[in-house]
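This report is written for a reader who is meeting the structure for the first time.

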Amino acid sequence: MNIVLNGVTVAIKSPPLASLLTVLREELNVTSTKVGCEQGGCGACTALVNGKPQRTCLTPIAAVDGASVTTVEGLGDSDHLTAVQQSFVNHYAAQCGFCTPAMIIAATAYLEGNGSSDREEIEEALKGHTCRCTGYQKIVSAVAAAVAETTFDLTVTTPSPNTVIKSGGQT
Ligand code: FES
Ligand code: FES
């Protein structure tokens, strides 16, 4: 068996019924996927499988043989954060950080699915994720801001010093 983990094909030695969560953490040393309830309820173990958020605790590795798996390690790094990651920083959307990788993964999928900045829609997209620190308001704000940032071109064009503004707004 193998998976394409964060863009790199890796061979898997674990038995077929080992969970993807166990394979990621214990065989491949990818620890952003967290061990929470291990029953599909908390969302802390979520990764993208072929671009869709999936509970890795409920996913036998054999079921994703050959699949593309993306974790937070495969998004931005500390020098080049993605819009979602930067927005979480900007909005102080992490407290203990336990839920944060999966929240970012779910939010990334939401943005890639052209999700809107509507708070209710964001809450719906993240509803399967538990934040034990109850930082939900800041998390939703971070996702909404990330949507806005990636939707609108905020580039400001400053006129050069020699630009003459004529009446009617034409130069
Ligand atoms: S650890 Fe997988 S959903 Fe809770
Ligand atoms: S930031 Fe602590 S569990 Fe969410």
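Among contacts in the protein between residues at least 6 apart in sequence, 56% join residues at least 24 apart, where contact means heavy atoms within 4.5 Å. This is a predicted model, in which local features need pLDDT of at least 70 and side-chain atom pairs count only at pLDDT 80 or more, while totals for chains, interfaces and linings use all residues. Residues are numbered from 1 along each chain as its sequence is written, chains are lettered from A and ligands numbered from 1 in the order in which they are written, and side-chain values use heavy atoms, with hydrogens and water left out.

**Overall arrangement**

The protein contains 5 helices and 5 strands, and along the sequence these follow the pattern β-β-α-β-β-β-α-α-α-α. Helices (H or I, at least four residues) and strands (E, at least two) are DSSP runs, numbered from the N terminus. Of the 171 residues, 37% count as buried, a word that stands for under 20% relative accessible area, with exposed meaning over 50% and partly exposed in between (1.4 Å probe, protein chains only).

Two packed helices are described by the angle between their axes and the distance between the axes. The axes are lines fitted to C-alpha atoms, for helices over the stretch in contact, and angles run from 0 to 180 degrees between N-to-C directions.

| Helix pair | Angle | Axis distance |
|---|---|---|
| α2 and α3 | about 130 degrees | 9 Å |
| α3 and α5 | about 35 degrees | 11 Å |
| α2 and α5 | roughly 135 degrees | within 8 Å |

Helix α2 covers residues 83–90 and helix α3 residues 100–112, and their angle of about 130 degrees makes α2 oblique to α3. Angles under 35 degrees count as roughly parallel, over 145 as roughly antiparallel, 65 to 115 as roughly perpendicular and the rest as oblique. In this pair, Val84, Gln85 and Phe88 of α2 meet Thr100, Met103, Ile104, Ala107, Thr108 and Leu111 of α3. By class, that contact has 6 nonpolar, 3 polar and no charged residues; here Ala, Val, Leu, Ile, Met, Phe, Trp, Tyr, Cys and Pro count as nonpolar, Asp, Glu, Lys and Arg as charged, and the others, Gly among them, as polar.

Between α3 and α5, the residues Met103, Ala107, Tyr110 and Leu111 of α3 meet Tyr136, Ile139, Val143, Ala146, Val147 and Thr150 of α5. The residues of this contact divide into 9 nonpolar, 1 polar and no charged.

For the remaining pair in the table, α2 and α5 are oblique to each other. Here Ala83, Val84, Ser87 and Phe88 of α2 meet a group in α5 that includes Ile139, Ala142, Val143, Ala145 and Glu149. The contact of α2 with α5 has 8 nonpolar, 2 polar and 1 charged residues.

**The nonpolar cores**

Which residues have the most contacts inside the largest nonpolar core? They are Phe88, Ile139 and Val143, in a core of 24 residues, a nonpolar core being a set of buried Ala, Val, Leu, Ile, Met, Phe, Trp, Tyr and Cys residues joined through side-chain atoms within 4.5 Å. Helices α2, α3 and α5 (136–151) each supply at least two residues of this core, and its largest share, 8 residues, comes from α3. Val143 touches Phe88, Ala107, Tyr110, Leu111, Ile122 and Leu126, not counting residues up to four places away in sequence. A second, separate core of 15 residues includes Leu5, Val10, Leu20 and Val69.

Helix α1 (residues 20–27) has Leu20, Leu21, Val23 and Leu24 as its buried residues. What covers them includes the strands β1 (2–5), β3 (46–49) and β5 (68–70).

**Single residues**

Ala145 is found in helix α5 and is partly exposed, with a relative accessible area of 24%. Its C-alpha atom is separated by 9.2 Å from that of Phe88, 57 residues apart along the chain. Leaving aside neighbours within four places in sequence, Ala145 is in contact with Ser87 and His91.

Most residues other than glycine have a negative phi. Glu38, however, has a positive phi of about 60 degrees; Glu38 is placed in the loop between α1 and β3 and, at 47% relative accessibility, counts as partly exposed. Tyr92 also has a positive phi, near 50 degrees, and lies in the loop between α2 and α3, where Tyr92 is exposed, with a relative accessible area of 62%.
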